[in-house]
Amino acid sequence: MVEVKNLTMRFANQLLFENVNLKLVRGQRYGLIGANGAGKSTFLKILSNEIEASSGEVVFDEGLRIAVLRQDQFAFENYTIKDAVMCANKRLYEALKEKEKLYMSEEFTDEINERLSELEMICAEEDPNYDCEVRCEKILSSLKIKDFDALMSTLKSADKFKVLLAQVLFLGADVLFLDEPTNNLDLEAISWLENELLRHEGTLVVISHDRHFLNKICTRILDVDFKQIRDFAGNYDDWYMASTLLAKQAELKRDKALKEKEELENFIRRFSANASKAKQATSRAKALEKLEFEEIKISTRRDPSIVFRTNREIGNEILEFKEISKTYDKKLFSNLNLKIEKNDKIALIGANGVGKSTLAKIIMNEINPDNGNVHLGATMELGYFPQDTSNIINENLKLYEWLMSEKFKDLDEIRKCLGRMLFSGSEQEKMAANLSGGEKHRLMLSRLMLEKPNFLILDEPDNHLDLESIIALGEALYNFKGVALCISHDRELISSFANRIWELKDGELLDFRGSYEEFLGEKNG
């Protein structure tokens, strides 16, 4: 068990949370939720002893093995992939490496044999089934990483993160602390991770902006809000209903108290000078003094207002692929013949690296297909949200300056748009280049709202967004009067808007007309 006692955390003059008391017990899987900046990651870092709280303490039962998902993807550059995973168990890893070195000795002295016996005992204690290498390779294979002996430095950033995740799962820890474990994972890998975590018998605390993931694995929710951390039973949807009910009850209680106050004040005002009623008026005055009014607490959660409008009506021709193909190191797709029609809201799904972003860039004319052509209707105006916004939002311009262009010169409208995307007056003075990942994504969405295209091409726009923003994005896409193609691994987002599914797999594109639930039903049926 992990016990949190009277925990308070401040940064300068900002209070994140105070006097938090929690017991995190074995067999429970806790989802840690809250608005960006509320203190989720800070609380997880306090739990994992990465930073100290302002006051209070975290107490662990003795002998617990703890694993933390690290974010430093470059910490193991000179390790092989397998070694980077296995070094999670430092005692076992060092024993195996020393054994390996001793077995390379030219002669086996009594001293070496004695040391080998000691090392063998360590290996037996840490790996009683002698299956550590098999377990390591199985986890990596499930995450689609095959060359176990390659150096970490050869991997892409997304795959390095997968190795860090494999490292945590390999340890078989009693307590798992995971911050955004679904980042960089495709739908298949997320599903695999869910099943792994459902089998975890210890204590789990996880931060995620994937609502489906939280609903699938969580047995309890820790909500960081109102400068507190409240513990709710159930998954994310259960928390949503319970927290909404609590807020409504608090509002009704306050309304009742205000009504009672008004009635008491009216009675006192009418009868305080009346001798026959003076005693009753005095009694009412005492009752008024005792009346308590709970302050309505302000939530740190804020819902952005995402609304996509169009400048131009869509004609009969939208977009058509004719025999297009693309190959890099491997064939991504070949001889694609597809036609997008009015009112299509397409979710483009598939494993990482199958060519989803490439297809989006071909539509945007950023890269050319190897053969075939793309016909775009004359009335179509494209709005593009690239997967990597850091190369686009990198200028030392204030937010409203970054959005201004030949097309958008109305400063008042730009500021209003930024406000709808939760950039207050002072925040609009920030330099665009200094924004966080989530802020850059909200800025990109602001630009699309101002551009008013009738065809949206969105490449993983939900990355770095909080749950409230992802829900708002899904509603905006559903209500959009134009055509949309969105690449995403977020199942709740896909379910909220898509009426057509494109799945890229093994060089082929499956075109399914219907919702994501219908697609899954047919695929699994």
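Rings of Phe, Tyr and Trp (its six-membered ring) form an aromatic pair if their centres lie within 6.5 Å; planes under 30 degrees apart count as stacked, over 60 as edge-to-face and the rest as tilted. By that rule the structure holds 11 aromatic pairs. This is a predicted model, in which local features need pLDDT of at least 70, side-chain atom pairs count only at pLDDT 80 or more, and totals for chains, interfaces and linings use all residues. Residues are numbered from 1 along each chain as its sequence is written, and side-chain values use heavy atoms, with hydrogens and water left out.

**Aromatic pairs and cluster**

- Phe60 and Phe177 make an edge-to-face pair, 6.5 Å centre to centre with 65 degrees between the planes.
- Phe60 belongs to strand 4 (residues 55–60) and Phe177 to strand 6 (residues 175–179), so this pair ties together parts that are 117 residues apart in sequence. Helices (H or I, at least four residues) and strands (E, at least two) are DSSP runs, numbered from the N terminus.
- Phe177 is buried, at a relative accessible area of 1%, whereas Phe60 is partly exposed at 26%. Buried means under 20% relative accessible area, exposed over 50%, and partly exposed in between (1.4 Å probe, protein chains only).
- Phe308 and Phe480 have ring centres 6.1 Å apart and planes at 75 degrees, so they too are an edge-to-face pair.
- Phe308 lies in the loop between helix 10 (278–290) and strand 10 (319–327), and Phe480 in the loop between helix 15 (467–479) and strand 16 (483–487), so the pair ties together parts 172 residues apart in sequence.
- Both Phe308 and Phe480 are buried.
- One aromatic cluster is formed by Phe76, Tyr79 and Tyr93.

**Charges over rings**

- Arg415 lies over the face of Tyr400, 4.2 Å from the ring centre. A charge sits over a ring if NZ of Lys or CZ of Arg is within 6 Å of the ring centre and within 35 degrees of the ring normal.
- Arg442 has its charged end over the ring of Phe423, at 4.5 Å from the centre.

**Helices**

- Helix 15 has 13 residues and spans 19 Å from first to last C-alpha, close to the expected 18 Å (1.5 Å times one less than its number of residues).
- Among the buried residues of helix 15 are Leu467, Ile470, Leu473 and Leu477.
- Helix 3 (residues 90–103) and helix 4 (residues 110–126) pack at about 150 degrees, with axes 9 Å apart. Axes are lines fitted to C-alpha atoms, for helices over the stretch in contact, and angles run from 0 to 180 degrees between N-to-C directions.
- Helix 3 and helix 4 are therefore roughly antiparallel (angles over 145 degrees).

Technical notes. Angles under 35 degrees count as roughly parallel, over 145 as roughly antiparallel, 65 to 115 as roughly perpendicular and the rest as oblique.
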